[in-house]
Each structure stands twice: as structure tokens, then as C-alpha cells.
Amino acid sequence: MRDAFPALHQTAYDEPLVYLDNAATTQKPKAVLDRLERYYARENSNVHRGVHKLSQEATDAFEDARSAVARLINAPSSDQVIFTRGCTDSLNVIAHTFARPRLGPDDTVVVTHMEHHSNIVPWQMACEATGATLKVWPIHDDGTLDMEAGMRLIEEEPFLLAIGHVSNALGTIHPVKSIIETAHRHGVPVVVDGAQSMAHLPVDVQALDADFYVFSGHKMFGPTGIGVLYGKYDLLDSLPPYQGGGDMIDEVSFDGTTYADLPHRLEAGTPHIAGVIGLGAAAEFIEQLDHEAVQAHEDDVLQYAHEQLSEIDGLRLIGTAPHKTSVCSFVFDDIHPYDAGTILDRLGIAVRTGHHCTQPLMERLDLPGTIRASFALYNTREDVDRLVQGLGRVQTMFG
Ligand code: PLP
């Protein structure tokens, strides 16, 4: 698997690179890089409007990519796969087109205490604009959701629940299927932020019964600047256009404009064609994996990391939920995360330090930030060993 990812085979400061920042963005397999090159070298053309060969080829590749993404998440139809700039963009589209027109001062929106800022701020802005209230689903210290408190919030029948599938800061996998089931019993639609699940878990939007499911291409081995908004057909079809422009119209006149059907109605302007085609290649790359083997390997590396790191004196693991994937967050008693990250970088080990765009979570855990090692299917126990050695150097220098 490592051979498929050219970026892994380089040095950083003369050390072989150990890339442990996959929750921020994953590396790209050769299949995706080749597909991007082929598009720009051979097929580059605008989509949907051209009669010429290149435009038709680009359009076919673009719509094939939509089908590949739909297959990957088991969407009932590729019309329910809307291309956006990324997970953040998708959440903002929902906040603007679904939430804002319907929210009022008596309504509430619920998010968990563990959400990424992208799954907090758009709802906070929507609430501020409409007089609605944002409520927070509390968590336990180990990084699991307080289910009793959450169920009480759902019983109050909020307008919407917005929840991550997997926490980017702690790696907790939330039981979204059963949460959605409960929410639906109370008539509450659920938006699932799948930014951190796509590279690690099989996602079946129909089995989950998610009302909306959103994710970014670059966190699932695809390009940056491209993402997906999946929604149930009737919900998507009820949304007003988000942006006006080319491609999203049926007919335009100065007397009024009619709009295209899904998915184009929500995709104004020339799309990120290469991004979509690259994302399609990433979806096909994931589709052909042996998912059980990948999950077993990722679980093994994560468990090994937990074991090895918990033996280090003065190191505290943050986020020890029983159901986790691929994220190991930790702090030292007496070393600032930024200092540790800087030394690790010089040793060729890429980790992320800081609040990971989850400031409310850090405040809740009373931490300035953490050091986060996040794994992907190409990471190994040897990568964990290098991390542990590196942390030994950090302790020698700062301890
Ligand atoms: N949600 C989660 C859980 C994330 O981890 C991220 C990115 O780190 C986002 C949303 C935002 O993704 P993007 O910046 O690709 O829009």
C-alpha cells in the first residue's frame, strides 16, 4: 500500500518522512495523481455545455466521478451527490438553504461539544441571524458523548442535530446510526459531518438513514478544494438555490429565471472539474480496498500507538473512548505541544499540534491543545516506533 503513495517516499531534514497528519489531510495515491494528470493533459475542457469531443469526454469523466462517489456511500441516486468546495462549504450550504429560511426564535439547533469549528460556526451564525438557540450536547472526559444528556436534548425536538461521525481531535466514533434512529423518532433531521470517517470506515448513507452527510475529498485520498453534500432527495429538492449563475439554471430571462434539477441547481458556475475527477478516482481507490483488512490494520496501529505512548512517563492520552479510529491525541505534563511538534518535525515526523479547530472541546478538557498523531491505511507500527523515539528526544531536550 505504501508504494501507491509517492509522497511517503521522501525525506524531511534528511530523515525518512513519517507522515502522521492524516486527519488534516491524507496523501494521494498514484491512481489519483495519474487521473489528474490525464485530465489536464488530455481531456481539459469545460463540462456540460460543449458539443466537441473534449468537452464530452470531460463531462463523461465528471459525471462518472459523481456515480463513483454515489456508489461509495451507497446513495440511492447520483443526483443526490452535490459537489462543493469541501466539508465546510457543504455545511454552510445546508445552514444557508435548509436552516436559515426555516429557523425561528423558538427553535434550537444541537451540536456536540466535540465538533470541529466547521460544524459549529455555520449553525451559530444561522442561530444569530434567526434568533434561534444553539444547544450543546455534553461529553464525558474520555471523549465519548453523554448519551443520557443527548437523548434529553433530542426529546426536546430541536430543529436539527449536527454531529460528526468521527471526532478529528480525539478519534471517537460516534454511534450515529442509533442516534439518527432516535432523532427521527422525534422528527429531528440529522446532518452528519463525515470529514473524518471516509478514509477509515465504510459509509452507507441509506443504512445510516442520514438526512445530510458531508465530507471533503482531501481527507479521503482525493484533491483539495472539492467535497460532497449528500442529502435525501426530497430534502435536497426542497432547497432554494445557494448561488446563482451558469449551470444551475433551466431558463434565464429578465422576467425571471427557472432553475435546473438536482444536482446542478446547487452547483453554480464552472465546477472544480479536475477536483471532481480526482475525487472520483479516490472513491474508486477506496472502493477496491479490502475494507476488513484495512480496518484490522488501522486498529492494530492505533492500539499499538496507545500501548506505546501510555508507557511514556509524563504523557497523558486524551480521548480513550472504546470505539475510536486512527487518532491519538496526547499531552505532556510539562512540555508545550508546539515545542514537541517542532522537535518531531526536525526528526522527520509530521504531527499536528494545537486545538485542531475544536476550541470548545479544548476548553472543556482544560487544555491549551494537544499533540495529535493521526494515521491512515499506509501507516505502520514502525511509524509509531519512530514517533516514540522522537518523543524520547523531545523529553530529553525539554524534560
Ligand atoms: N469536520 C471535521 C471533523 C474535520 O476534521 C474537518 C477538517 O479538519 C472539517 C470538518 C472541515 O473540513 P474542510 O476544511 O476540508 O472543509
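**Entry 1**

I looked up Lys 232 and found a relative accessibility of 25%, so Lys 232 counts as partly exposed. For these classes I took buried as under 20% relative accessible area, exposed as over 50%, and partly exposed as in between, with a 1.4 Å probe and protein chains only. The model is a predicted one: local features need pLDDT of at least 70, side-chain atom pairs count only at pLDDT 80 or more, and totals for chains, interfaces and linings use all residues. Residues are numbered from 1 along each chain as its sequence is written, and side-chain values use heavy atoms, with hydrogens and water left out.

I then noted that the side chain of Lys 232 meets that of Asp 211 in a salt bridge, 3.4 Å from N to O. A salt bridge here is a side-chain nitrogen of Lys or Arg within 4 Å of a carboxyl oxygen of Asp or Glu. Lys 232 lies in the loop between strand E10 (227–231) and helix H8 (233–237), and Asp 211 in the loop between helix H7 (205–208) and strand E9 (212–216), 21 residues apart. Helices (H or I, at least four residues) and strands (E, at least two) are DSSP runs, numbered from the N terminus. Asp 211 has a relative accessible area of 7% and is therefore buried.

**Entry 2: Glu 267 and Arg 66**

I recorded a salt bridge between the side chains of Glu 267 and Arg 66, at 2.8 Å from N to O. This pair links distant parts of the chain, 201 residues apart: Glu 267 sits in the loop between strand E12 (256–259) and helix H9 (273–287), and Arg 66 in helix H2. Are these two partners buried or exposed? Glu 267 counts as buried at 8% relative accessibility, and Arg 66 is buried at 0%.

**Entry 3: Arg 35 and Glu 43**

I found Arg 35 in a salt bridge with Glu 43, with the closest N and O atoms 3.1 Å apart. Arg 35 counts as buried, because its relative accessibility is 14%. Glu 43 is buried as well, with a relative accessible area of 7%.

**Entry 4: The whole chain**

How many salt bridges does a search of the whole structure find? I noted 18. The protein chain has 13 helices and 17 strands. Of its 399 residues, 55% count as buried. Along its principal axes, the C-alpha trace spans about 75 × 55 × 35 Å.
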